[in-house]
Amino acid sequence: MLLNYLKITLRNLHRNLTYSFINISGLSIGIACSLLILLWIADEFKYDRFHERNDRLFKVMMNQTFSGKVGTQVALPYPLKDKLKEQSADIKYSVITNWGEGYLLANEDNKVTKVGISASEDFLKMFTFPLLQGDINTALTDPNSIVLTHDLAKTLFGDEDPMGKLVKIDNNRELKVTGILAPIPDQSEFSFIHHITPFAFYESNQDWVRDSRERWDNNSFQMYVELADGSTKEKVDVSIRDIVKKQLADTLTNPQVFLHPITDLRLYSNFENGKVSGGMIEYVQLFGAIAIFVLLIACINFMNLATARSEKRAREVGIRKSIGSRKKELIIQFLGESILITLMAFLLAIVLVELSLPAYNTLVKKKLFIDYANPYLWFAAGSLIMITGIIAGSYPAFYLSSFNPVQVLKGKIQSGKGSVAPRKVLVTLQFGFSIFLIVGTVVIYQQIQHVKNRNTGYDRENLMMIWSNGELETNYQTIKNELIATGAVKSVCKSNSPITSIFSNNIVEWPGMTPGTRVVFTTIATEYDYAKTMGINLLEGRDFSPDYNDSTNVVINRAAVDMMGLTNPVGATITMWGREWKIIGVMENVIMNSPYEPVQPLVMVFMPGWTSTISVRLEKTNDLPAAISKVETVFKRLNPTYPFAYRFADVEFDKKFTQINLISSLAKIFAGLALVITSLGLFGLAAFTAEQRAKEVSIRKVLGATVTNLVLLISKDFSRLVIVAFVIASPVAWWFLSGFLERYPYRITINWLILPAAGLATLVVALAIVSTQALRAAMSNPVENLRNE
């Protein structure tokens, strides 16, 4: 019986090659799109789940209230690390880390600058980062030790055994290699690191870190904990919540410590008023929905073409029923055909996915692949084939099996007439999905351009940023003078953070502020020429100058003036770090952090010793490589130990759009493919309609109808469906995208013209496809169609 069903299915496919091609290619593209999206989604869910005890691992976070709003931060005070275990017996390990440091690592002539972290000794016991060599229990106990990744060890030592060898750090201290890390998965909070040093080394290397050991008001470190077996996050949260609050004299910020699962750091990273409000999970859900939409569009194609061509199978159904076949058997046969076609489409989809993966991985910046050895893959594949086959074949199976054999064999069943209304509904759904995706793609693109075109408050062009180091600090003034002397450099300054980042925030008070509140200002430490180098406009007053003693003076931004409600800000005073500071200037607002957020109040202090970045403003030039070469020559001569490494501000600023650019690109691709699948199905339906109405068209043509009249006759039904789809999809798209944009404080207002433009574009595509088949029918010789009448 099954072999017989298989033969019938293959014969039908061969007999209707055009429709078989449309069905299989449409389904394969839909399945391929869904598979690509599902690979991306699966990778997002893998983040930090490779740790053996990932359900026990948490990042420590803290809520604080500033300006009446609860903010969530991961920066914590040093003494909290030990206090956590003292406060809760349910905490097995407590680890402190820094944010990452770039060091020059050298072994004789092999030198390389790489970023790593400093972590307390239990780090490797908590996290599953296997050591190829070394012992996780002792690798970080010696303050003068270092753990290298395998690739870094290979770079520094070649084929030699690195264990026990010495690595020189920043041309200063030597650390002994005590461990070699296996490759760190990309799906990790720590995927960026190339080495790990003991936190005791970091502390001995930084005076400010040692000074922070007992300071509960200096939130500058990250912490992680592992809970003991049998304990719960809820129980620990209660016991640790008020640790920091009890240690502070000033409790107006109401600090509350809590744990956040490490497996949620990627997907649930956004907080609002102290509660999780989303994160990458929103994009995962969005593209999960797109995957379903695309697959449904492909399934709808199958349903439409199968029911539309019902007359081709009607006699078969009639004969089978007349010789005893039951409705159940026919349903099984047609569902079996659908599942077989889906299997063929799935195999073709696998080929399409494999061919697409190299380009797709480049786009999404991942290393996605199909793991054929994974049994879960085959279970998922089988489920996908069965579900898709059943969904695609369900309506045709029940529709075809319902034919009355007497009416069929008498020729009283007209071509798919009973399926016209459902078919119109399905086609309308297809067009609705397409319009929705087109509108979404356009809105996301406009949002990106809106933010990119936002005034950043500084000149991003020709602005180089170079990480500082000990030798640069020593030779800074000489380097600055010689850079300007090259003629390629307009200005130079140094600061505690690059213009594209914020490294410090501090509580600021001022006369007349609302009692009982605490306000945090972005804090920039710099020396001379900051505004000049960055290209920032001074609205009032002056910048720091060697002609004055500016050790107790500050410059603020316009947002700070608005926050404090100052009419004449220059000469006013603020309090920070328990000291009084005088405002000497007001500068324009500058976007340093997220371009989607409002600019925060900023205070700039004159502290040449608290700097980590040198910024170099190049003169405008048509020969940028030559200007860079002149800068490089100066650095290599006066800072020969370190490789010359730099970044440009405009490139770093563009990186802030990496995520939404990816979302935009994926939306464009899958919206385009959805339209292709819809167009394939529409082509098949249009061809069938033209075939079905061939005699009607011929009669009309004989009676004098023009080609234009005939084309419009066939096209108008499809035009109506697009218009109905537009009426339904437009308000849904408007509602959904308005909610999507709500996450961005700086956002566009959706232009209503986008909706009719998307509808018109869909209508044009639909008419172009339908018209080709309608024109073919209208141009045919009526004699050929009416010969047998």
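This is a predicted model: local features need pLDDT of at least 70, side-chain atom pairs count only at pLDDT 80 or more; totals for chains, interfaces and linings use all residues.

Reader: Let us begin with the inside. Which residues touch the most other members of the largest nonpolar core?

Author: The general idea is that in soluble globular proteins nonpolar side chains tend to be buried together. Here the largest nonpolar core has 114 residues, and Trp40 and Ile499 touch the most other members. Helix α10, residues 280-308, gives the most to this core, with 14 residues. Leaving out residues up to four places away in sequence, Ile499 touches a list that includes Tyr458, Leu463, Met534, Val590 and Ala649. There is also a second, separate core of 38 residues, and among them are Leu76, Leu156, Phe201 and Val244.

Reader: What does the side chain of Gln430 reach?

Author: Gln430 lies in helix α15, residues 420-452, and is buried at 2% relative accessible area. The side chain reaches the backbone oxygen of Ile297 at 2.8 Å. Setting aside neighbours within four places in sequence, Gln430 is in contact with Ile297, Ile300, Asn301, Asn304 and Thr678.

Reader: Which residues form the nonpolar patch on the surface?

Author: Ile292, Leu296, Ile387 and Ile391 form this patch, and together they have about 330 Å² of accessible area. Helices α10 and α13 (375-400) are the elements that give two or more residues to the patch. Take Ile391, found in α13: Ile391 is partly exposed, with a relative accessible area of 35%.

Reader: What should I look for in phi angles?

Author: Most residues other than glycine have a negative phi. Ser67 has a positive phi near 55°; Ser67 is in the loop between β1 (57-66) and β2 (69-73) and is partly exposed at 37%. Lys365 also has a positive phi, near 55°. Lys365 lies in the loop between α12 (327-364) and α13 and is exposed, with a relative accessible area of 65%.

Reader: How many salt bridges are there?

Author: The count comes to 31. For each pair, check the distance, the place in the chain and the burial. The side chains of Lys366 and Glu44 meet at 2.8 Å, N to O. This pair links distant parts of the chain, 322 residues apart: Lys366 is in the loop between α12 and α13, and Glu44 is in helix α2, residues 17-45. Lys366 counts as buried at 11%, and Glu44 is buried at 1%.

Reader: Where do Glu588 and Arg558 lie?

Author: In the salt bridge of Glu588 and Arg558, the closest N and O atoms are 2.4 Å apart. Glu588 lies in the loop between β23 (579-587) and β24 (602-606) and Arg558 in helix α19 (558-564), so the pair ties together parts that are 30 residues apart in sequence. Glu588 is buried at 16%, while Arg558 is partly exposed at 36%. Salt bridges can also share partners: Asp43, Glu44, Arg266 and Lys366 are joined into one network in this way.

Technical notes: Residues are numbered from 1 along each chain as its sequence is written. Side-chain values use heavy atoms; hydrogens and water are left out. A nonpolar core is a set of buried Ala, Val, Leu, Ile, Met, Phe, Trp, Tyr and Cys residues joined through side-chain atoms within 4.5 Å. Buried means under 20% relative accessible area, exposed over 50%, partly exposed in between (1.4 Å probe, protein chains only). Helices (H or I, at least four residues) and strands (E, at least two) are DSSP runs, numbered from the N terminus. Contact means heavy atoms within 4.5 Å. Patches are made of residues with over 30% relative accessible area and no salt bridge: like charges are joined within 9 Å, nonpolar side chains (Val, Leu, Ile, Met, Phe, Trp, Tyr) within 5 Å. Accessible areas come from the Shrake-Rupley method with a 1.4 Å probe; for residues, only the protein chains shown count as cover. A salt bridge is a side-chain nitrogen of Lys or Arg within 4 Å of a carboxyl oxygen of Asp or Glu. A polar contact is a pair of N or O atoms within 3.5 Å; within protein, one must be able to donate a hydrogen and the other to accept it, and residues adjacent in sequence count only if both atoms are side-chain atoms.
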